[in-house]
Amino acid sequence: MKIKTSTALCGLILSGLLVTLAASANTTPVIIPNFSFESPVTTGATFINPWPGPGFAGVFISPGFGQGASPTDGNQIAFLNADFGRIFRTLTDTFQAGNDYMLSVDVSARSGPGTDSMRMVLYQGTISGPGDLNASNIIADATLSGASGVVADQFNTFSVTATPADISAAGAIGQPIGIGFFGLNSGSGTSDFDLDNVRLLACSVDSDGDGVFDDVDVCPDSIVSDTVVIEDCDSGVENIVFDDGCTLADLVQLCADEAKNHGDFVSCVAKLANGLKKGGVLSGKEAGKLTSCAAKSSTGK
Ligand SMILES: [Ca+2]
Ligand SMILES: [Ca+2]
């Protein structure tokens, strides 16, 4: 199969490639207000029980609260108490069909997360707190702890990705995108989390891997064999991907699907092959091989 363009799934994007790929038409950063928690107030996010007090979260001046790691950018970070601290926000952007959404955040621990853990989620719609989160509005989530690689005095990047299937299954297409960070443990925290630099990328997906993204792929579930094979006959003809995302094998399959009988099928493939020969896409020899395989097949018999 001939791939015309490279794929750019969110899941393949490494932080070092972010700038390069974000410039491509298929990767769109979703704007998150105050994404790096640079405002020393709660602008752009909801902080439940903000500092001081139990179950708090808030924004602090560098270095982070009770630890020595510097913010990954700017001067400030957010702080999530292990005692059910929580930060969440609902964006104006909505989930779109055919996109991956990758939420990333830099996380550090106050003094080692121990057995405490936090959860990062992508949800749909508006919530008033973690009690509102359930299987119907959570699109993707991840639980972070020491076992995940959260360490004290150092920020590491963590990501969670919602696939087009996740978004579709949740009925979230067209719904506002929500992001949330929640402490999962009760008790006073010596195992709290610092957060910085929240990013959300929307990336077009190429489900069948033919190099044509789903939103413009007329055949989103293409046959992507290297050559066109009809039953057990390998024509040896390259399985070309056309600009609309359909492959030559897809078109042959379409002939098989619509044929009333064997003659009909062979005639359809012959017409296809001759048309491509006239257009200079196939050589005469290739067109002949394709038609010959169709004739040898039992399709329509
Ligand atoms: Ca495709
Ligand atoms: Ca396709």
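What covers the buried residues of helix 4? The structure examined here is a predicted model, in which local features need pLDDT of at least 70 and side-chain atom pairs count only at pLDDT 80 or more, whereas totals for chains, interfaces and linings use all residues. Residues are numbered from 1 along each chain as its sequence is written, and chains are lettered from A and ligands numbered from 1 in the order in which they are written.

The protein chain contains 5 helices and 13 strands, where helices (H or I, at least four residues) and strands (E, at least two) are DSSP runs numbered from the N terminus. Of its 301 residues, 42% are buried; a residue is buried if 20 or more other C-beta atoms lie within 10 Å of its own, exposed if 12 or fewer, and partly exposed in between, with C-beta atoms placed from the backbone.

Helix 4, which comprises residues 262–278, reaches 24 Å from its first C-alpha to its last, close to the 24 Å expected at 1.5 Å a residue, the expected span being 1.5 Å times one less than the number of residues. Within helix 4, Phe265, Val266, Cys268, Val269, Leu272, Ala273 and Leu276 are buried, and these residues line one face of the helix because they fall within an arc of 160° seen down its axis, the arc being that of the directions from the helix axis to the C-beta atoms. On the other side, Gly263, Lys271 and Lys278 are exposed.

The cover over the buried residues of helix 4 includes helix 3 (248–258) and helix 5 (284–296). The axes of helix 4 and helix 5 come within 9 Å and cross at roughly 170°, where axes are lines fitted to C-alpha atoms, for helices over the stretch in contact (C-beta atoms, placed from the backbone, within 7 Å), and angles run from 0 to 180 degrees between N-to-C directions. The two helices are therefore roughly antiparallel, a term for angles over 145 degrees.

Terms used:
Contact = placed C-beta atoms within 7 Å. Parallel < 35°, antiparallel > 145°, perpendicular 65-115°, else oblique.
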